[in-house]
Amino acid sequence: MKALLPVYCRPLGYAVIALGLFMPFLLMMMGRVTDANLLFYKECSKLLMMMGALMIIFALTKNESKEIEQVRNKAVRNAIFLTVLFVFGGMLWRVAKGDLMSVDTSSFLIFLILDVLCLEFGIKKATVDRLFKRNGR
């Protein structure tokens, strides 16, 4: 999977995730969050985090190479696997508890966050591997 966004979108993506994470708390301290608009702010926060994660996933990295494209592909594959495990575990937990009312609505956000974590780990691992291969010659 080729990167679609410029390099500066990676740190911008992290800033958008941080905004989405801390926005509800800041708005609550300012007295803007009420029972009537809580769902709206919750969904806006999730949407901001999804946008930030997508920006990170699709942004170029410094010194982008074919190896980084392979890391991005592996990150998506691993994130799909981990998300399926997470969602399946949550389903089993709800069945074991007999909970008929709650439903998981954050599967895509969980997938994106796991994808970003796998991508960052893979990029750092590739960097360390490249460093040790250069020094080992």
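**Helices, cores and salt bridges in a predicted model**

Glutamate 69 is buried, its relative accessible area being 14%; buried stands for under 20% relative accessible area, exposed for over 50%, and partly exposed for values in between, with a 1.4 Å probe and protein chains only. The structure is a predicted model, in which local features need pLDDT of at least 70 and side-chain atom pairs count only at pLDDT 80 or more, while totals for chains, interfaces and linings use all residues. Residues are numbered from 1 along each chain as its sequence is written, and side-chain values use heavy atoms, with hydrogens and water left out.

The pLDDT, the predictor's confidence in each residue on a scale from 0 to 100, averages 90 over the chain. A score of at least 70 is reached by 97% of the residues. Helices are DSSP runs of H or I with at least four residues, numbered from the N terminus. Among the elements of the chain, the highest mean pLDDT, 95, belongs to helix 1 (residues 9–29), and the lowest, 89, to helix 4 (residues 107–136).

Helix 2 covers residues 38–58, a run of 21 residues. From its first C-alpha to its last, helix 2 reaches 30 Å, close to the 30 Å expected at 1.5 Å a residue; the expected span is 1.5 Å times one less than the number of residues. Buried residues of helix 2 include Tyr41, Leu48, Met49, Ala53 and Ile56.

Glutamate 43 also has its place in helix 2. This residue is partly exposed, at 35% relative accessibility. Glycine 20 is 23 residues from glutamate 43 in sequence, and the two are 9.8 Å apart in space, C-alpha to C-alpha. Glutamate 43 forms a salt bridge with lysine 46, with 3.7 Å between the closest N and O atoms; a salt bridge is a side-chain nitrogen of Lys or Arg within 4 Å of a carboxyl oxygen of Asp or Glu. Both residues lie in helix 2, three residues apart, about one turn of the helix. Lysine 46 counts as buried because its relative accessibility is 9%.

The structure holds seven salt bridges. In one of them, lysine 2 pairs with glutamate 69, the closest N and O atoms being 3.6 Å apart. This pair links distant parts of the chain, 67 residues apart: lysine 2 is in the segment before helix 1 and glutamate 69 in helix 3. Lysine 2 counts as exposed because its relative accessibility is 57%. A network of salt bridges links Lys2, Lys66 and Glu69. Glutamate 120 and arginine 10 also meet in a salt bridge through their side chains (2.4 Å, N to O). Here too distant parts of the chain are linked, with glutamate 120 in helix 4 and arginine 10 in helix 1, 110 residues apart. Both glutamate 120 and arginine 10 are buried.

A nonpolar core is a set of buried Ala, Val, Leu, Ile, Met, Phe, Trp, Tyr and Cys residues joined through side-chain atoms within 4.5 Å. The largest such core has 14 residues, of which Ile17, Ala53, Phe111, Leu112 and Val116 touch the most other members. Helix 2, helix 3 (66–97) and helix 4 each supply at least two residues of this core, and the largest share, six residues, comes from helix 4. Apart from this core lies another, of eight residues, among them Cys9, Val16, Met55 and Ala59. Phenylalanine 111 is in contact (heavy atoms within 4.5 Å) with Val76, Ala79, Ile80 and Thr83, not counting residues up to four places away in sequence.
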